[in-house]
Amino acid sequence: MMLTLVGVGEGMLREQVARTRGVGADIIIRPSGSSVIGITPPSINERLVGWALEQPHVAQATGVVIAPLGGVSTVHGVDFDEMTKMSGGFTFLEGRPFKDGQEAIIDEYYAREKKLKAGSTINMLNRDWIVSGIFRGGKLTRMMLPRKLLQDVTANTGKVSVIYVKLDDPSHTAEVIAHLKQTLTDYPIYSMDELASQFSVNSVPELKSFIGVVVTLSVLFGFLVVFLAMYTAILERTREIGILKALGAGQAYVLGILLRETILLAVIGSSMGIGMSYVTQWMIATFIPASMTQAIVYEWWWKAAAVTLGGALLGVFYPAIKAARQDALESLSYD
Amino acid sequence: MTEPIIGIRDLRKTFRSGDVDVHALRGVDLAVERGEFLAVVGPSGSGKSTLFHILGGLTPPTAGTVFIDGQDLMKMSDGDRTKLRMKSVGFVFQKYNLLPTLTVKDNIEIARDIAGMKGPLDEQFVEVLEVLGITNKMGRKPRQLSGGEQQRVAIARSIVNRPAILLADEPTGNLDTENSTAVLNLLRDLNKRLGQTILMITHNPEAAAFADRIVHMRDGQLHTA
């Protein structure tokens, strides 16, 4: 459970990074007061895009409108030509780019999950949109609409959520950011590397708290499952413990057996958990590829194993002590 | 004359059952010589199982003196009695008491493991396994064995650590006549072959007849036949 949930959190962040990098920009300008991650309402005056274009070393700039659709889903409004130029072009698996009508383009994952094809209709923002094309994923977002249309639909005419800036030479990134900040003093401006580095669990307090809850629940479940299992097992094995004691096994020997069994169970459980995380990854990628992405979080393997072992050892503690202290004669009489 | 391997004088055991004191042993005197095969015969409730449990260090005596292989049971703590069971006493129970999840080999090995014995089985014990007829059943689980075979495994386990005494509590109680005779013959054979001291508790006079000496127990006291 832990590996799957942490993997989903990590996977979605990594995928976000990959899609953001897929834009091909060097710098991102976000609205003043916005956080580095999160859905940004369109509050940047669109004229800033033109201003950014006039700055030294700026080869290209494009504004993008982001509209929330509920949950973590968003639709992006883009100028398709500008985005194509900046990202190096879209690959269409089906159909074609949108035109200015009620058309949308979606990526392959969204199409697969929602079983959509070019020509299908999807409802977003209380309107029906014709899917004009399905593009290969990895660029900005899963669903894109014409920017102007999305601005009008969301009553944000003349405003964008973020501005992506591409430079003539990426080695000037720091210099250009410093220059932009002189004018846009309140605007968070990041290089794409800086932005990518911020897409981590530690940068999302909610995700960090969520993982904390998951870890706590895992310890609790581990404790309860092992406690109940071992308590029951020890009751069922009272006679066996009596036999061991009749053979001369001391408390330490009985404790040792139960602890070794618990550690073995924890190791098997951890291995199965790792295996299951591959299964859930496959299920997510097969059935809900657009809604979630799960990463295999290798760095969490030992943490999950430690949590499993910790929970299991906590769980076995009382039953093991109880077993070790059992009276040999009473245990032998147990049927 | 050598000191007896089991020396009991005025042994008493009183249980508390609810508000009533039950006097299970009421002044037992007994001496068992090293290498002797002794049968304690008595009806249910006569106190023979209590004597078995005390001699095996499974429960402490209330009063009297009990020496086993030179060790004074009255002065023993729980831990000392655990060591006694590990080193000096082997048990054969009526219900075999093999560990059901372990193979025959592992049932024997675990007794060695508890006693801290490492390495391969010695040649003499391997011969005993052949006499017991279980060498070809070492990989089997107890449920795959007949009652007689299980009891033979239990006998092997009880002597693998070369205990000073072997305590057998109704070892033929769950066996048919043929298997009973086989097990009793094996006990007698082990007694002669290894010089193993055996104290067997039974209510069956025919089984007791296999022993060198028979004592009778009634109302918590021993009576020589």
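Me: What stands opposite Ile106(A) in E8(A)?
Reply: In this predicted model, Ile134(A) in E8(A) faces Ile106(A).

Me: How do you know that E6(A) and strand E8 (residues 127-135) of chain A pair?
Reply: Pairing takes at least two bridges. E6(A) and E8(A) share five bridges, in the parallel sense. Therefore they count as paired.

Me: What makes E6(A) and strand E9 (residues 143-146) of chain A a pair?
Reply: Two bridges join them. The cut-off is at least two, so E6(A) and E9(A) pair. These strands run antiparallel. Ile105(A) stands opposite Met144(A) in E9(A).

Me: Why is strand E6 (residues 103-107) of chain A called mostly covered?
Reply: A residue is buried if 20 or more other C-beta atoms lie within 10 Å of its own. Four of the five residues of E6(A) are buried.

Me: Why is Thr65(B) called partly exposed, rather than buried or exposed?
Reply: Buried needs 20 or more neighbours, and exposed means 12 or fewer. Thr65(B) has 15 C-beta neighbours inside 10 Å, so Thr65(B) is partly exposed. Thr65(B) sits in strand E4 (residues 63-68) of chain B.

Me: Which residues does Thr65(B) contact, leaving aside neighbours within four places in sequence?
Reply: Arg9(B), Asp72(B) and Met74(B).

Me: How many residues of chain A are in contact with chain B?
Reply: 11 residues of chain A touch 14 residues of chain B. Helix H9 (238-246) and helix H12 (328-333) of chain A each supply at least two residues of that side of chain A. The residues of this side are eight nonpolar, two polar and one charged.

Key:
Residues numbered from 1 in each chain as written. Chains lettered and ligands numbered in written order. Predicted model: local features only at pLDDT ≥ 70, side-chain atom pairs only at ≥ 80, totals over all residues. Contact = placed C-beta atoms within 7 Å. Nonpolar A, V, L, I, M, F, W, Y, C, P; charged D, E, K, R; others polar.
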